[in-house]
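Hi,

Here is the structure I promised to pass on. Have a look at it first, and then read my notes below.

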Amino acid sequence: MFLRNAWYVAAWEREVGEAPYATTILGDQVAIYRGASGKYAALADACPHRKVPLSMGRVKGDDVECGYHGLVFDCTGSCVRAPGDAKPPQGAQVRSYPIEPRYGLLWIWMGEPQLADPSEIFEAEHWGDPAWGTTAGDDMVFACNYLHITDNLLDPSHVAWVHPGSFAGDGSDDTPLQVTIADDGVTVWRWMLDTGPAPFYAPYLRFAGNCDRKQQYEMRYPCNALIKAYVSPAGTGGEDKPVHPDAFLMDSFNFLTPVDETTTRYFWFQMRNVAADDAEASRRFAASVRGAFEEDRTILQASQRGMAESTSSNVNLRTDSGGIRFRHRLAQMIEAELARLT
Ligand code: FES
Ligand SMILES: [Fe+2]
């Protein structure tokens, strides 16, 4: 069960080279290529002739040629050449998906093409701002349903147990969470005041001593998240206070692409307001984040197996509130979309 009318991350731009790139998104097999004009195209990955994946073929100009009998398809999925036939056979057409580059990522629209609006691609507020440093970004595959990850990304409390060496800190285990519901998603947040800084942030702080720290986890439908970290000198943080000039800010972008019901590809990059041009800092950030997400992967894959195999009844905690409300609304959106399309 997936929302189709939405932008998902299909791949990094750097992954799509001279050969077509094969991937699976929401159960659909897709071939992505970059034509000679530089434009990207995404087509259903099966030639209508004998269903050989187009990703096994070759890019020719702005078109792709099937590697079996040479049918050629343009970026709209229309067959434009059939060797040996005067014109392409009727019905020689594959589905094409709108695809847009943004932030070094390729965003694909999996639903009705006429509804695809690139202005709805997830916004990275500080993208291109020279005062902010950006990590190169990375990805990994989680053997779990994407909703286990949306639960996790709406649960700041898990850092206390899953990430003791990075994001955990005083108060991260039991400071109550606040939940804000909006039309486009759910936000879970909390302030932890006058605490020791978490290990992940400590090397980058421009002040000594204790801090006021905010965790803000924003999950937008269907499954993209912005995790905002705010760390400022103790006594300067808290709701409605202005951003302190020494505050450390980090925006962590987390984009989930369901491959199928039990597999999710997880893409991310981070932006921070310190050491903007420091390549070594970017490298250390990237390594720390990947290490933390490996910790999430271990836990979430175990949870997926446990939830699938266990017959005992399930309980929820107060900290599940944001995740449950997100799942509930997303399920309604998926149902409404299915009802409209069928
Ligand atoms: S299978 Fe593609 S041209 Fe025959
Ligand atoms: Fe985590």
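A182 stands opposite G185, a residue of β15. (Strands here are DSSP runs of E of at least two residues, helices are runs of H or I of at least four, and both are numbered from the N terminus.) Strand β14 covers residues 178–182 and β15 covers residues 185–195. The two run antiparallel and are joined by five bridges; strands count as paired if DSSP finds at least two bridges between them. A hairpin of two residues links β14 to β15. None of this is buried on the β14 side: zero of its five residues are, so β14 lies largely in the open. Buried means that 20 or more other C-beta atoms lie within 10 Å of a residue's own, exposed means 12 or fewer, and partly exposed is in between, with C-beta atoms placed from the backbone.

Before I go on: this is a predicted model, so local features need pLDDT of at least 70 and side-chain atom pairs count only at 80 or more, while totals for chains, interfaces and linings use all residues. Residues are numbered from 1 along each chain as its sequence is written, and chains are lettered from A and ligands numbered from 1 in the order in which they are written.

**Helix α4**

Helix α4 runs over residues 321–341 and spans 31 Å from first to last C-alpha, close to the 30 Å expected (1.5 Å times one less than its number of residues). Which of its residues are buried? They are G322, G323, F326 and L330. Seen down the axis, they fall within an arc of 85 degrees, so they line one face of α4; the arc is taken from the directions from the helix axis to the C-beta atoms. On the face turned away sit the exposed H328, Q332, E335, A336 and A339. The cover over the buried residues includes α1, β14, β15 and β16.

**Two domains**

The chain splits into domain 1 (7–119) and domain 2 (123–336), with bounds from an automatic or database domain assignment. Their C-alpha centres are 34 Å apart.

**One open sheet**

Four strands form an open, antiparallel sheet in the order β2-β3-β4-β9. Its edge strands are β2 and β9. A42 has Y97 in β9 as its bridge partner.

Cheers

Note on methods. Contact = placed C-beta atoms within 7 Å.
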